[in-house]
Amino acid sequence: MLRVAIILGSTRPGRNGEAVAKWVYDIAGKRTDAEFEYVDIKDYNLPLLDEPNSALMRQYTKEHTKTWSAKIDSFDAYVFVTAEYNHGIPGALKNAIDFLYNEWNNKVAAFVSYGGVGGVRSVEQLRLVMAELQVATVRAQVALSLYIDFENFTKFNPAPYHEKEVNSMLDQVMAWGSAMKALRTKKLSDIMTS
Ligand SMILES: Cc1cc2nc3c(=O)[nH]c(=O)nc-3n(C[C@H](O)[C@H](O)[C@H](O)COP(=O)(O)O)c2cc1C
């Protein structure tokens, strides 16, 4: 069974992201085709990147990096729940991504965003970042409007049709997640037999 992380990418007090990530996690929890885990980057207390070596070398010197690495390594796919800050990726999320490299490789990512225009500019940037990390990003995504899906920009009250969008997105995550898992297994067996 695939293991899928629902990653909450904002950390500020009073963040809207928490309600959104919990909503995604609740919808995902009704499915039986994967194991889902809620991952809040705030819980990992990552400072601004403080590893001396490139993440490609996977030679971590800090306990917080080792803990974060083990957690991210344990998944086959990721659903990033992201805000849009100044038309881009929230710094805390980009920082958490940059701590690692191999752990993300040859896996799958999907996106749920929120903002004035659905947070889509943040997701466009995340897709570029994922390309460098060799992560396959599914097309289906969920964009939530601060004007429509929140009351007073703070109380999350999503339009009902978004639940179907979450499931369509997760369907793509399952299909590609299985394919990428097979790829990772094949790569390993190739190495073992060469
Ligand atoms: C630093 C900062 C920059 C923001 N920039 C944008 C922006 O460029 N576009 C947008 O739609 N919303 C922007 N917003 C509003 C956020 O979409 C909104 O506050 C959202 O709730 C932030 O996510 P969070 O509550 O999980 O932190 C910004 C908010 C913050 C705190």
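In this predicted model, a polar side-chain atom of R12 lies 2.7 Å from an oxygen atom of the ligand. The backbone takes part as well: a backbone N or O atom of G116 lies 2.8 Å from an oxygen atom of the ligand. For N86, a backbone N or O atom lies 2.8 Å from a ligand atom, in this case a nitrogen. Altogether, 14 residues surround the ligand, and the closest are S10, R12, N16, Y85 and Y114.

Please keep N16, Y85 and Y114 in mind as we turn to the second largest pocket. Those three residues, together with A83 and L146, lie nearest the centre of this pocket, which is lined by 13 residues. Its volume is about 150 Å³. What classes of residue make up the lining of the second largest pocket? There are five nonpolar, five polar and three charged residues.

Let me return to N86. This residue belongs to the loop that runs between β3, residues 77–82, and α3, residues 91–98. Is N86 buried or exposed? With a relative accessible area of 80%, N86 is classed as exposed, because the threshold for that class is over 50%.

Q134 is placed in the loop between α4, residues 120–132, and β5, residues 135–137. Phi of Q134 is near 60°, again a positive value in a residue other than glycine. The relative accessible area of Q134 is 40%, so this residue counts as partly exposed.

Which residues of α3 are buried? They are L93, N95, A96 and I97. The elements covering these buried residues include α2, residues 63–73, as well as β3 and α4.

Finally, I draw your attention to R15, in the loop between β1, residues 2–8, and α1, residues 17–29. R15 has a relative accessible area of 12% and is therefore buried, the limit being under 20%. Its side chain makes a polar contact with the side chain of E18, at 3.0 Å. Leaving aside neighbours within four places in sequence, R15 is in contact with L8, S10, D40 and K42. Of these, S10 has already been mentioned as one of the closest residues to the ligand.

Thank you for your attention.

How values were computed:
Residues are numbered from 1 along each chain as its sequence is written. This is a predicted model: local features need pLDDT of at least 70, side-chain atom pairs count only at pLDDT 80 or more; totals for chains, interfaces and linings use all residues. Side-chain values use heavy atoms; hydrogens and water are left out. Helices (H or I, at least four residues) and strands (E, at least two) are DSSP runs, numbered from the N terminus. Buried means under 20% relative accessible area, exposed over 50%, partly exposed in between (1.4 Å probe, protein chains only). A polar contact is a pair of N or O atoms within 3.5 Å; within protein, one must be able to donate a hydrogen and the other to accept it, and residues adjacent in sequence count only if both atoms are side-chain atoms. Contact means heavy atoms within 4.5 Å. On a 1 Å grid over the protein atoms alone, a cavity is a set of points where a 1.4 Å probe fits but cannot get out, and a pocket is an open set with protein on both sides within 12 Å along at least five of seven lines; lining residues have an atom within 4 Å of a point. Grid points are joined across faces, edges and corners, and a volume is the space filled by probe spheres set on the points. Ala, Val, Leu, Ile, Met, Phe, Trp, Tyr, Cys and Pro count as nonpolar, Asp, Glu, Lys and Arg as charged, and the others, Gly among them, as polar. A residue is near a molecule or strand if one of its heavy atoms lies within 4 Å of it.
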